[in-house]
Amino acid sequence: TTVVRREDYTAPAYWIDTVELSFDLDPAKTRVLNKMRLRRNADVPAQALRLDGEDLNLARVLVNGAGCSFRMDGNQLVLESLPEGSEPFELEIFTTCAPEKNTQLMGLYVSQGTFFTQCEAEGFRRITYFLDRPDVMASYTVTLRADKKKYPVLLSNGNLVEEGELADGRHFAKWVDPHKKPCYLFALVAGELVAREQRIVSRSGTEHLLQVFVRPGDMDKTEHAMNSLIASVAWDEARFGLPLDLERFMIVATSDFNMGAMENKGLNIFNTKYVLANSATATDTDFANIESVVGHEYFHNWTGNRVTCRDWFQLSLKEGLTVFRDQEFSMDLCAEPSARAVKRIEDVRVLRTAQFPEDAGPMAHPVRPDSYVEINNFYTVTVYEKGAEVVRMMQTLVGREGFAAGMKQYFARHDGQAVTCDDFAQSMADANPASDLARLLPQFKRWYSQAGTPRLKAQGVYDSSTRSYALTLTQSCAPTPGQSVKEPFVIPVAIGLLDAQGGELPLQLAHWNQPEAGTRSFVLTQESETLTFVNLDAEPVPSILRGFSAPVVLDFDYSDAHLLTLLAHDVDPFNRWEAGQRLALRLALKAIQSEGALPAEPLDMAFIEAMRAVLRHPALDAAFKELVLTLPSETYISEQLDVVDPQRVHAVREAMREQLAQALHDDWVWAFEAHRDNGAYRPDPLSTGRRALTGMALTMLCLAARASGSPVWPGKTLQRFKDAGNMTDRFNALSALVVSGHPLASDALARFHQLFRNEALVLDKWFALQAGAPDRGGDVLPAVRRLMSHADFNLKNPNRARSVIFSYCSANPGAFHRADAAGYQFWSDCVIELDAFNPQVAARLARALDRWKKLAEPYRATAREAIARVAARTQLSNDVREVVTRSLA
Ligand code: HT7
Ligand code: ZN
């Protein structure tokens, strides 16, 4: 295996200025003629041209129209005797490939009879020989030829300039992309598709055609994606002055896709999961995801496509920034501030349950990694979500307007270039010369180079004689693989102070003249600093890290009383929610770490009453209530422990949930009745919140019925399942029956399958619900095995594979971690089987056991054995090999 290192970057030896691609599309044998104009890069020493290729059959190579000598070096095509000097020359390469045999879904492949491509990161080399690296940007002209009946729609990047008929029932289309691009943004689609179309006029008065292409029959599920696209175009222009730079912008949906979607220039290709939605088939979560993924891919048009990455180590340059932009987009679409806060909490929850463990595990890497074996393994929550937090901190340091100015500077300097994370940070700093970011830039950039989640320890001491409160902030960061010592980070810490009744106190530091009410932001740069607040009559309750102002773990020895005050009164919704999570976590850890048998009722009255107060609160949003009443996940709880017994964690969390279900029974009844919505379905934040809370209430009422044996609420839930006017309510009712393990669940599941047997995305939910169900006596694994032999199961389809295998191995710890190790055996079998045809999906699954070293025995030893079993295979992809090797190190 070859390790690629960031420090080894060198500029390409050749530039490719133009590419003319002609495709004769055939599933069994597609012919590709690639005619390029190249020139030597005068800035690097003269050397051979090395073109990347993979799984290609090479037929012919011509230089300036004549045959030439070449050789193969592994997967590279090497041309040594090319024209000398700086004059451009023409290189023609003729290859064939077999799209129908492409099960990796990288390069050119066939999905349900339609051709698609996926080129990021290194898939273009599976289409033709090329300098497959993002800093080689060329102008593309693409001609597609195919059977007209089977492939009536022929799409590629840019503008359609010509189309027509050919002999033998074939036809052609010629596309010219007016923008230079790296090859990872190339795309083609050919098949039988229909489009929802919308013409829009931009602020500047230019007209554009927006199209969403789907299979015939799916048209009734395209309205939301189109609306999301229209909103995205308007938002980027309004917030950042970034217009759509193409006459036509296309989205195409495919049901076979390794990831969520891909931002190919002007021709975004999407997983159907992030396009297709109507109220009967999609949940509120699906609607919200579609909005943010459509936004994300559209925003890449500037942050990723117009300015791209110099090399793949800079991936977060486009991904962290674009996630930040899609988060801001979704927040800006919220009419109420409370809905913005809910979105922020949801984003932080993802960061803390997925990225924090990654940062503490064997795959820990900086936002800008230093090395990789397989770049596909680095499309991670660290690069994406932590990368977005780094960008958010920049906005915090320079302000919202300063950030917009920094973006302007970035495009003024780098439009049309392939650049680095340093270039972005420098633009931000230069556009804001008086800011803390400019002052602290080299230190700030440690967020890009140091892996690991910093811990921020806060300690407060009140002195009544001076009426002052000294708050000492101390940062540290544990070693990560390959990085034993960490230097201090720049940490923006937003702070407020509350009095014992929960009122906001004015903040006055010793050296300030004027007190200020509300939140103040401090920038911690030293290992330890003390802030002394004055003019305080009593010890305040500090509200630290408001809005989650930095991606750190905050350590503060809050008393229960402090947390109850924050939960009841903090004006910062994030810290209000966080106080509830801390209380719940504290109770969970106490029960898990108690000696002997588990307490049947881990919750105390104070917590239950605080939860009741939130649930019944007259002014809080339903969405916020649902978040507060959701207990920390098993994964999050486990991360707080040095040694994890997954069964104990599961049992405690279940006991807590059941206790909440019973103790608040009448409040759940009230919540259900007060929030059930009979109006027409709209996926807006307010009604989404109401549905989330009624769904939670039903689950709680079914759980309570489990204990009492009462048939009332399971019966009502089944009725709701049958009568529901939308998928969210229907699925929530089904889920309540399944989660509570009620006998009515099996009938409801059968009915659900019957109703939606022709809706692939709905069937994914049906599979996922069963594979993710709470374990009762080890019943989930056999159910998973049965699901995998169901007629509708298909391991080759990533969505379906994820709906069963990932839902079990990655999202159902209580069922997966079995004392008999059968879950781990199943995991290793699946990794090996998947790896034989789709290494990317296999490598994602391989990460399910990342945290094995934290497990208590017997789980630890048996998990290690399962990983070693995979690692012992001689026939493994680089993708899986890299993950299991790091895991065992
Ligand atoms: N930029 C896109 C990345 C992506 C991808 C990467 C590897 C293999 C398959 C893939 N499909 C899409 C997704 C995005 O961040 O927008
Ligand atoms: Zn992206």
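Modeller: Here is a walk that starts with the ligand and the domains and then settles on the helices.

This is a predicted model, where local features need pLDDT of at least 70, side-chain atom pairs count only at pLDDT 80 or more, and totals for chains, interfaces and linings use all residues. Residues are numbered from 1 along each chain as its sequence is written, while chains are lettered from A and ligands numbered from 1 in the order in which they are written.

Let's get our bearings. The domain assignment (bounds come from an automatic or database assignment) lists domain 1 (4-277), domain 2 (308-449), domain 3 (455-555) and domain 4 (766-889). Ligand 1 lies between domain 1 and domain 2, because both give residues to the shell around it. That shell has 15 residues, the closest being Glu120, Asn258, Met259, Met262 and Tyr379; a residue is near if its C-beta atom, placed from the backbone, lies within 6 Å of the molecule. Strand 21 (261-262) and helix 2 (284-299) are the elements that each give two or more residues to the shell. (Helices are DSSP runs of H or I with at least four residues, strands are E runs of at least two, and both are numbered from the N terminus.) By class, the shell has five nonpolar, six polar and four charged residues. Here Ala, Val, Leu, Ile, Met, Phe, Trp, Tyr, Cys and Pro count as nonpolar, Asp, Glu, Lys and Arg as charged, and the others, Gly among them, as polar.

Glu120 also deserves a look for its backbone: the peptide bond from Glu120 to Ala121 is cis, with omega near 0°. Ala121 sits in the loop between strand 11 (114-118) and strand 12 (137-147). For context, most peptide bonds are trans.

Now for the close look: helix 4. The axes of helix 4 (residues 337-360) and helix 10 (residues 573-593) come within 9 Å and cross at roughly 50°. Axes are lines fitted to C-alpha atoms, for helices over the stretch in contact, and angles run from 0 to 180 degrees between N-to-C directions. The two helices are therefore oblique to each other; angles under 35 degrees count as roughly parallel, over 145 as roughly antiparallel, 65 to 115 as roughly perpendicular and the rest as oblique. Helix 4 passes helix 10 in a right-handed crossing, meaning the near helix is turned clockwise from the far one by less than a right angle, with anticlockwise being left-handed. Ser338, Ala341, Arg344 and Ile345 of helix 4 meet Pro573, Phe574 and Trp577 of helix 10, contact being C-beta atoms, placed from the backbone, within 7 Å. By class, this contact has five nonpolar, one polar and one charged residues.

Helix 4 has another partner, helix 5 (residues 381-414): their axes come within 10 Å and cross at roughly 120°. That makes helix 4 oblique to helix 5, and the crossing is left-handed. On the helix 4 side are Val350, Leu351, Ala354, Gln355, Glu358 and Asp359, and across from them Val381, Thr382, Glu385, Lys386 and Glu389 of helix 5. The classes in this contact are four nonpolar, two polar and five charged.

Methods
Contact = placed C-beta atoms within 7 Å.
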